[in-house]
Amino acid sequence: MRQLFCFVLLSWISFASLLPPAFAAAADYHEQLVLRPLPLSALLASFNFRSNTSLSEFEAHNFRFFPRSLGQILQHAGTQELHLRFSLGRWDSEAWGARPWGGAREGGTGVELWAWLQAATDEEADHKWLTLTNALSGLFCASLNFIDGTRTTRPVMSFQPEGDHLNTTAADTHLLYGVLPHEVVCTENLTPFLKLLPCKGKAGIATLLDGHKLFDASWQSMAIDVKPVCPVGGECVLQIELTIDMVLDIDRSKRPRDNPIPRPPPGHELPCNTSKPYHSHDTCFPTDHQANQDWTLSQIFGRTMKGTCPLTDPTVPPVCLQVPDSRSVYHSDGVLEKKNLDRVSRCFEIKPDVDFEIVLPAPEDESAILVKPETPLLYAERSFTGHGQERGGVQTILRNPSPDTEVEFIYMESLPWFMRIYLHTMSARIQGHTTKDKSLIKEVYYRPAVDRARGTQLEVRMRVPPASTVFLTYDFEKSILRYTEYPPDANRGFDVAAAVITILSPAAYNLRTTSLLCSLPTPDFSMPYNVIIFTSTAIALAFGGMFNILVRRFVAADEGPEVGLAVLKKRIKERVGVLVQKFKGKGQKAEDKMVEVGRMVENPGVGEQT
């Protein structure tokens, strides 16, 4: 009986070891897709993937849900916390409202990277930062290795750690921030992103991620966040969160792939707003933002969702849709729909082997099409001022939409070294007032640039009163570069990274302004070419003449050899005679040899004796 019990116990242990990891630790990984229709015929799709691993297993190189390729880089570079952003496009806050995730998963145009590194000195931190950027450059097929000293800053007030760092390591932790505003985000960055997922994009919501759809979006952002999390009374874990947010244009996404060229519809099919007083048979004013909100999942992403990832937490619904309860939504069989208590969202529970499809038909009630977008805490716009190629200015317009709440935030800019700002010209004023208001700016941190060594770092802690618009301006001077420092597209201009705004109160919120394009004094690149050609010609003539003087021997004309046609004929005749004699000599030798061979054949003994 005891042997039977031991056999049953060992069989159960063996069977449990063969179970999928989701049964053993389902809460270690989960993924979710949230779909939210937006005004102006747009759709926000937010993909979120989160996994945890204990710090003890991570330090012991036991990788389960945490990607090994990224984990080894973090360990080698001594990275305590990492945040990486790939962004493209512009978020229209006026029409779409507040940013997803409160702006915490958003980055400026191009690539942003900031990390907390454990190092004893600044030099060691710079060395580890160089190691980290080069390794991530190879992992994500990006130009992160170009984040050198001129593109790296050390923020003082802007970025705060999101993870739980121990007090013993906080003293030796260094924050470094780098940005590449000119980096073009493409499919080469999406493929390594999908390889970090446990299901590798073969199952679950990741099957909807198509490069053609993602990079055809009006705005998209890919975020990777790695941070330590220490729950109260529990073991500390290392959490990695991968997020993809994109705003798809419904009309453009529904365009068939076999007919991608947009063609204007006939005049009688144009959706016109007939309520306008100036509407006529030859004038069409477009309909409002509540039109064109009927779509299917396969139309938007080009495919249906292939089941769910077997490693994900079953308690977290994989897909959620934010539409009012009064709107009809159809889905494929084998899917359980659950409406949330907020009456503006619903989630779907999907079986692992079911292809998931959503059909959102045209609404019957025009007043209940969309969930009203949330108003952001602050609107920000940034642009260049001035004219000419020597000096200029930067103007940032900050508008507080709240009628009764003041907004306090930190405004940070990481400028290239060739933009030398005049700090004494920085001022802030409220719209409608011509004088400066010194109470708007509370604190300023300024680190001047060093030519070809580091850029300018500017952090300003300021406030915007309720229902007010503040103008933050300053002047700068443009440096003249060497002609070898201009890129191939010098006439296009130089990209300036977006400003980072971190709102402190009334709530934590982040946002980025648009990037800028700075035009520097551009030389005529044909002039260096002309100078090089002229100099090379002059040097060749001078060297050739000097070489001839030193090497050649000059004699008088009567002392030189005879020249003329008769002399040439004589030389040719002599050369031909020499060649004829050579050929005759070769023929005589061959004839003598043949005679000798004949004698040997006729008299074999003579040859043997010889």
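In this predicted model, Cys186 is partly exposed, with a relative accessible area of 28%. Cys186 takes part in no disulfide; the nearest cysteine sulfur belongs to Cys141 and lies 8.5 Å away. Another cysteine, Cys518, counts as buried, at 1% relative accessibility.

Four disulfides are present in the structure. When the bonded cysteines of the chain are numbered in sequence order, they pair as 1-6, 2-3, 4-5 and 7-8.

One of the disulfides connects Cys230 with Cys236, at an S to S distance of 2.1 Å. This link of Cys230 and Cys236 is right-handed, with 115° about the S-S bond. Cys230 has a relative accessible area of 23% and is therefore partly exposed; Cys236, at 22%, is partly exposed as well.

A further disulfide joins Cys272 to Cys284, with an S to S distance of 1.9 Å. The torsion about the S-S bond of Cys272 and Cys284 is about -110°, so this disulfide is left-handed. Both cysteines are placed in the loop between helix H10 (250-253) and strand E9 (295-296), twelve residues apart. Cys272 is partly exposed at 22% relative accessible area, and Cys284 is partly exposed at 33%.

The sulfur atoms of Cys320 and Cys347 are 2.1 Å apart and form a disulfide. Its torsion of 100° about the S-S bond makes the link right-handed. Cys320 belongs to strand E11 (residues 319-321) and Cys347 to strand E14 (residues 346-350), so the bond ties together parts that are 27 residues apart in sequence. Cys320 and Cys347 are both buried.

Notes: Residues are numbered from 1 along each chain as its sequence is written. This is a predicted model: local features need pLDDT of at least 70, side-chain atom pairs count only at pLDDT 80 or more; totals for chains, interfaces and linings use all residues. Side-chain values use heavy atoms; hydrogens and water are left out. A disulfide is a pair of cysteine sulfur atoms within 2.5 Å. Buried means under 20% relative accessible area, exposed over 50%, partly exposed in between (1.4 Å probe, protein chains only). Helices (H or I, at least four residues) and strands (E, at least two) are DSSP runs, numbered from the N terminus.
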